[in-house]
Amino acid sequence: MEGNKKAPSRTKADEEYLLTTKLFCGDCGRLMVGESGTSGTNGVKYCYYKCGGAKRRLGCKRKPLKKHWIERVAVVTTVQRVLRDEEINRIADAIIDLQNREDTSIPAMRQQLKACEKAIENMLNAIQMGILPPSTKTRLEELEAQRESLKVSILQAELEKPKYTKEQIVSWINRFKYGNVDDIEYQRQIIDTFINAIYVYDDKLVFTYNYKDGSATITPEEIEEAFGSDLTQVAPPRPQQSLRFFLIAMIAGWPRGSRTWPGSE
């Protein structure tokens with residue numbers, strides 16, 4: 001989220017383009033960047049996203065998208081499709097699994113601590129049985145020092161990289177569920193936290209999120225019902241255009257940070 005705040009061209013004048021670095025042309029693969037213009041007839045300012053290939057006249061014919069429309073579509077779709085209880089539980093389970101798989105140092109130190117304590121126990125048993133070789137005292141002191149060192153190392157590692165419970169993870173994600181979709185700060189949090197990329201085609205938008213193993217499809221009728229007549233006014237007002245979109249939220253196995261769409265089928 002901190003990185004997104006510093007993204008180039010995210011803020012232009014008094015407008016913040018929340019999908020900067022996340023919105024791509026499905027045809028040429030280039031970034032769609034924030035643009036603004038003022039109508040010569042009524043002086044109204046219009047903000048939109050335009051394909052970099054079309055902007056630089058590199059052969060792409062992608063039409064611009066109205067800024068506020070596409071940002072609201074991105075936020076509402078994510079809230080409706082991602083922030084569901086069953087999806088949140090699935091994401092939390094995946095994070096717990098990832099924590100366990102990534103955490104290799106602490107289990108290793110715990111195993112060393114267990115072995116050290118066993119060695120101390122064996123040595124104390126030997127002392128009780130009267131088995132006292134000359135090196136007993138020195139070796140016992142070494143093991144006790146090793147035990148204390150391991151305990152301190154484990155505590156430091158746990159403080160530096162705390163493990164979260166499923167309940168904590170679910171509670172953290174749940175806080176995104178009930179915000180105001182028209183609030184700019186809420187929109188920013190949803191986009192920065194969950195959306196990896198959006199690819200724009202003539203007949204669809206393809207979403208990729210910052211997690212995998214899930215999919216959802218929204219028909220054009222559902223979008224028009226949810227977002228109203230803006231669906232037919234997605235481009236800035238030069239020639240009047242009527243574009244209809246359906247959304248496909250694609251997450252299945254997508255590598256995090258990947259910006260390459262494997263095909264439009």
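Visitor: Great. What kind of model is this, and what goes into the values?

Guide: This is a predicted model, in which local features need pLDDT of at least 70 and side-chain atom pairs count only at pLDDT 80 or more, while totals for chains, interfaces and linings use all residues. Residues are numbered from 1 along each chain as its sequence is written, and side-chain values use heavy atoms, with hydrogens and water left out.

Visitor: How many helices and strands are there in the protein?

Guide: The protein has nine helices and 10 strands. Both are DSSP runs numbered from the N terminus: helices are H or I with at least four residues, strands are E with at least two.

Visitor: And how much of the protein counts as buried?

Guide: Of its 265 residues, 40% count as buried. Buried means under 20% relative accessible area, exposed means over 50%, and partly exposed is in between (1.4 Å probe, protein chains only). The protein exposes about 15300 Å², with carbon and sulfur atoms supplying 51% of that. Those areas come from the Shrake-Rupley method with a 1.4 Å probe; for residues, only the protein chains shown count as cover.

Visitor: What about contacts between residues at least 6 apart in sequence?

Guide: Among those, 65% join residues at least 24 apart. A contact here means heavy atoms within 4.5 Å.

Visitor: Let's pick a helix. What can you tell me about α3?

Guide: Helix α3 covers residues 67-82, and its 16 residues reach 22 Å from the first C-alpha to the last, close to the 22 Å expected at 1.5 Å a residue. The expected span is 1.5 Å times one less than the number of residues.

Visitor: Why is α3 described as largely enclosed?

Guide: Because 12 of its 16 residues are buried, the rest of the structure largely encloses it. The buried ones include Trp69, Ile70, Val73 and Ala74.

Visitor: How many salt bridges does the structure hold?

Guide: It holds 13. Lys177 is buried at 17%, whereas Asp85 is partly exposed at 45%.

Visitor: Which residue does Lys166 meet?

Guide: Its side chain forms a salt bridge with that of Asp93 (3.0 Å, N to O). With Lys166 in α7 and Asp93 in α4, the pair ties together parts 73 residues apart in sequence. Lys166 is partly exposed at 29%, and so is Asp93 at 40%. There is also a network of salt bridges with shared partners, joining Arg84, Glu86, Glu87 and Arg90.

Visitor: Switching topic: how many disulfides?

Guide: The count is zero, where a disulfide is a pair of cysteine sulfur atoms within 2.5 Å. The closest cysteine sulfur to that of Cys51 is in Cys28, 3.4 Å away, which is too far for a bond. Cys51 is buried, with a relative accessible area of 0%, and Cys47 is buried with 10%.

Visitor: Which residues form the nonpolar patch on the surface?

Guide: Leu124, Ile127 and Leu132 do, with about 250 Å² of accessible area together. Patches are made of residues with over 30% relative accessible area and no salt bridge: like charges are joined within 9 Å, nonpolar side chains (Val, Leu, Ile, Met, Phe, Trp, Tyr) within 5 Å. Ile127 belongs to helix α5 (residues 105-128) and is partly exposed at 32%.

Visitor: Last one: where is Arg57, and what is its phi?

Guide: Arg57 is in the loop between α2 and β6, and its phi is near 55°, a positive value in a residue other than glycine. Most residues other than glycine have a negative phi. Arg57 is exposed, with a relative accessible area of 79%.

How values were computed
A salt bridge is a side-chain nitrogen of Lys or Arg within 4 Å of a carboxyl oxygen of Asp or Glu.
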